Amino acid sequence: MKQQISLFSFSLVLLFLHCTQTLSQSPTSAPAKAPTAASAPPPAATSSAQASPPVMVPVQVSKGPVNVIKILQKAGGFAVFIRLIKSTQEDIQVFSQLNDSRDGVTIFAPTDGAFSAIIKSGVLNSLSDHQKIELVQFHIIPRILTTANFQTVSNPITTLAGSGSRFALNVITTENMVNVTSGLTNTSVSAIVYTDSQLAIYQVDKVLLPLDIFAPKPLAPAPAPPKPKKDDGAESPLVPEDTSSAVSCIPLNSLIIFGAGMVAAVFTL
């Protein structure tokens, strides 16, 4: 009997130990699942989130022309030229040329130091609005000219200001230099500010002065003296009568009366 009781007690102790071990392990097993639940989100959701922006807002490469003003501002040293471009609205002309034409644009950009001479002398301020437009246009060529093109380009080059002897612009290349001359200005390209397939901007250290604005124009020929006008109602000038060998003229009526008197006198005799 005692053995049965002791065996039953031993069984209860084993059961108690087993329950205690089970209860002590159950709290630790629960957190083990937490990292699994808190792991990275499903890959499908991540891929869809990354792919949605291009579908909703597709990223397109801009095909519009570059901003010439911003390029010059970023390069620095072209404040006067930028001001002239804006005041004459030639930036709109350049934008239109780049946007509507495949020929491109080439710009010779004078530095601020290049403008100092004509600013100090008052020449720049004395120009009319139309002359300022022509001055800016004289620095813009309505086609792209790379450094390689300078070697084969035909002179004179046509600018936005026009062509002809009064707006002649010539480019002459040597071994390592590109010389630009207008007839009044002789300078060279000192730096490449910007270049791509549609736009080329070159730095020059002198303002290109066109002959049409800064060269004295030839004087017009003096007008011919006016021809004397004929006046039909004017009296002819009196010519003095030469009486040195003149013969007196007797009126015809007096001559007839004198003849009749002579005949009557003869018949009375």
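Predicted model: local features only at pLDDT ≥ 70, side-chain atom pairs only at ≥ 80, totals over all residues.
Visitor: How many helices and strands does the chain have, and what share of its residues counts as buried?

Guide: The secondary structure comes to 10 helices and 6 strands. Of the 269 residues, 25% count as buried. Among contacts with a separation of 6 or more, 62% are between residues 24 or more positions apart.

Visitor: How should I read a nonpolar core?

Guide: In soluble globular proteins, nonpolar side chains tend to be buried together. Here the largest nonpolar core has 28 residues, of which V68, L72, I107, F115, L124, L199 and I201 touch the most other members. At least two residues of this core come from each of α3 (68-75), α4 (79-88), α5 (90-100), β1 (105-110), α6 (112-120), α8 and β6 (199-204). The largest share, 5 residues, is supplied by α4. Another core, of 18 residues, lies apart from this one and includes F108, I141, V171 and V178.

Visitor: Which residues of α4 are buried, and what covers them?

Guide: The buried residues in α4 are V80, F81, I82, L84, I85 and T88. Their cover includes α3, α5, β1, α6, α7 (123-126) and α8. After α4 comes Q89, with a positive phi near 60°.

Visitor: How do I tell whether the buried residues of a helix line one face?

Guide: An α-helix has 3.6 residues a turn, so residues three or four places apart point the same way. Take α6, where A114, F115 and I118 are buried. Viewed down the axis of α6, the buried residues fall within an arc of 85°, so they line one face of the helix. A117 and K120, on the other side of α6, are exposed.

Visitor: What do the buried residues of α6 pack against, and which residue follows the helix?

Guide: They pack against α4, β1, α7 and β6. The residue following α6 is G122, whose phi is positive, near 80°.

Visitor: How do I read the angle between two helices? Start with α3 and α4.

Guide: Angles over 145 degrees count as roughly antiparallel. The axes of α3 and α4 cross at roughly 165° and come within 10 Å. The two helices are therefore roughly antiparallel to each other. Their crossing is left-handed. I69, L72 and Q73 of α3 make the contact with F81, I82, I85 and K86 of α4.

Visitor: At what angle do α4 and α6 cross, and which residues meet?

Guide: The axes of α4 and α6 come within 7 Å, with a crossing angle of roughly 75°. These helices are therefore roughly perpendicular to each other. On the α4 side the meeting residues are A79, V80, F81 and L84, and on the α6 side D112, F115 and I119.

Visitor: And how do α4 and α8 cross?

Guide: Their axes cross at roughly 120° and come within 10 Å. That angle makes α4 oblique to α8. The crossing in which α4 passes α8 is left-handed. L84, I85 and T88 in α4 meet K132, I133 and V136 in α8.

Visitor: Which residues does K132 touch, and where does K132 lie?

Guide: K132 lies in helix α8, residues 129-137. Not counting residues up to four places away in sequence, K132 touches L84, T88, L124 and L127. Sequence distance and spatial distance can be read side by side for K132 and S87, which are 45 residues apart in sequence and 9.0 Å apart in space, C-alpha to C-alpha.

Visitor: Which residues is F138 in contact with?

Guide: Leaving aside neighbours within four places in sequence, F138 is in contact with T159, A161, F167, A168, L169, S182, L208, L209 and P210. For F138 and S163, the separation is 25 residues in sequence and 9.6 Å in space, C-alpha to C-alpha.

Note on methods. Residues numbered from 1 in each chain as written. Heavy atoms only, no water. Helix = DSSP H or I, 4+ residues; strand = E, 2+ residues; numbered from the N terminus. Contact = heavy atoms within 4.5 Å. Core = buried A, V, L, I, M, F, W, Y, C linked by side-chain atoms within 4.5 Å. Buried < 20%, exposed > 50% of the residue type's maximum accessible area, 1.4 Å probe, protein only. Arc of directions from axis to C-beta. Axes fitted to C-alpha atoms, helices over the stretch in contact; angles between N-to-C directions. Parallel < 35°, antiparallel > 145°, perpendicular 65-115°, else oblique. Left-handed = near helix turned anticlockwise from the far one by under 90°.
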